[in-house]
Amino acid sequence: MSHRILVTRSSMPAYEEYCEEIKDIWESHWLTNMGSKHNLLQQKLLQYLDVDKIDLVTNGHMALELSIQALNLQGEVITTPFTFASTTHAIVRNGLTPVFCDVNPMDFTMDVTKIEALITDKTCAIIPVHVYGNVCNVEEIERIARKYGLKVIYDAAHTFGVRYKGRGIGSYGDVSCFSFHATKVFNTIEGGAVSFHDDAFGHALYNLKNFGIRGPEIVESVGTNAKMNEFSAAMGLCNLRHIDAEIAKREGIVLHYRSRLEGVAGIQFSPIQRDTQPNYAYFPVVFDEKRFGASRNEVMDRLAANGIGARKYFYPLTNSFDCFHGTYDVYQTPVALYLSKRVLTLPLYADLELADVDRICDVILQCKNET
Ligand code: T4K
């Protein structure tokens with residue numbers, strides 16, 4: 001059998017480049033606690049992401065969990081179930097109640113026409129997800145949030161480097177939470193960041209990530225530990241040098257997928273969004289069994305039999321997780337439910353060969369031709 005292909009593969013700099021980057025850590029012995037690499041990466045990301053203010057944290061989940069805590073929210077939060085566990089868990093772990101809004105069938109982001117009907121006197125915030133790197137309807141979300149006095153925290157885990165209407169995606173809403181996990185377009189091994197506008201929020205967030213410590217003898221508030229270490233920051237500094245080239249390679253791969261699968265009955269992709277500079281984070285495909293002739297699960301199994309690891313991001317919906325058994329009604333988000341049963345995320349990473357894309361598409365098209 002040909003070599004195995006997984007859904008993604010971490011981007012890494014040349015070994016020598018990373019060694020060079022971490023050399024001075026051996027001189028300084030400074031490994032963590034807002035070291036020089038942490039601070040330099042923070043400054044570089046502020047520019048690259050084109051945001052007002054930013055703070056680095058240990059991972060994308062802590063970005064969400066601590067952002068919610070820093071805003072001191074209480075009550076209900078409108079969010080979507082078509083996401084990774086992290087989004088919903090961050091809400092629940094803060095003692096808040098998620099209220100699930102359906103997604104729109106075109107780009108899988110929150111269906112803004114359904115938000116207002118979910119608002120009650122307990123609603124305090126909206127947490128939409130720029131899922132797969134698709135930009136939410138940020139204008140409409142802002143209008144609704146202003147009208148009802150709600151905070152907006154974007155789960156921007158998938159949107160590193162995305163720009164919308166000439167602005168960094170992290171400049172929209174009150175707060176945006178990025179993930180720099182190994183599987184993301186940009187990684188610091190594990191890592192994340194929060195972009196924001198308000199200084200008081202930034203102060204509260206920093207306190208949460210560093211035990212509330214403000215000086216050797218000053219502990220202002222109760223916090224936890226979510227500091228990015230120097231080795232992660234060094235990985236980020238290296239990866240950031242190559243990020244534009246990585247995204248360009250991803251674009252070539254996505255265009256190749258599209259050219260092979262475009263127009264095939266029963267296959268739907270994410271749209272090319274207007275006014276958006278994308279990052280090609282994921283390549284989700286929705287299989288309509290009736291028109292395509294094979295189900296998502298059959299395609300996934302066939303790919304697996306050929307050494308190709310596609311993934312069901314995002315199935316099951318978070319509102320149907322075992323840990324929430326009986327708490328939420330999945331039928332209140334029918335579009336998300338429909339998509340979660342049909343979507344398959346195909347392999348995508350900068351070094352994926354176009355010949356491998358052909359191999360993947362050949363297997364998919366074989367499933368169709370057999371019916
Ligand atoms: N919000 C959203 C919308 C998210 O998608 C995520 C994370 C978060 C918040 C939270 O951010 P973090 O706290 O994670 O920073 C993966 C990732 O672990 C997770 O970061 C990501 N979303 C989620 C969508 O995918 P798994 O369980 O699918 O990962 P895993 O270990 O199966 O890896 C997938 C593939 O990646 C492997 O088949 C091979 C490749 N890989 C994996 C690792 C760990 C590598 O090439 N290198 C690696 O080091 O969750």
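In the predicted model, Q42 touches I54, D55, L56 and K209, when residues up to four places away in sequence are not counted. Q42 lies in helix α2, which spans residues 36-49. The relative accessible area of Q42 is 19%, and Q42 is therefore classed as buried, the cut-off being under 20%.

The domain assignment divides the protein into domain 1 (15-241) and domain 2 (243-369). The centres of these domains, taken over C-alpha atoms, are 25 Å apart. Domain 1 contributes 40 residues to the contact, and domain 2 contributes 36 residues.

The size of an interface is often expressed as the accessible area lost when the parts come together. For domain 1 and domain 2 the buried area is about 3,200 Å², with 63% of it on carbon and sulfur atoms. Of the area that domain 1 buries against domain 2, 22% is supplied by F82, Y132 and V185, more than by any other three residues.

On the side of domain 1 that touches domain 2, the elements giving two or more residues are α4 (85-92), β3 (97-100), β6 (163-164) and α7 (230-241). Helix α4 provides the largest share of that side, 4 residues. By class, the side of domain 1 that touches domain 2 comprises 22 nonpolar, 11 polar and 7 charged residues.

How values were computed: Residues are numbered from 1 along each chain as its sequence is written. This is a predicted model: local features need pLDDT of at least 70, side-chain atom pairs count only at pLDDT 80 or more; totals for chains, interfaces and linings use all residues. Side-chain values use heavy atoms; hydrogens and water are left out. Buried means under 20% relative accessible area, exposed over 50%, partly exposed in between (1.4 Å probe, protein chains only). Contact means heavy atoms within 4.5 Å. Domain bounds come from an automatic or database domain assignment. Buried area is the accessible area (1.4 Å probe) that two parts lose on being put together, summed over both. Ala, Val, Leu, Ile, Met, Phe, Trp, Tyr, Cys and Pro count as nonpolar, Asp, Glu, Lys and Arg as charged, and the others, Gly among them, as polar.
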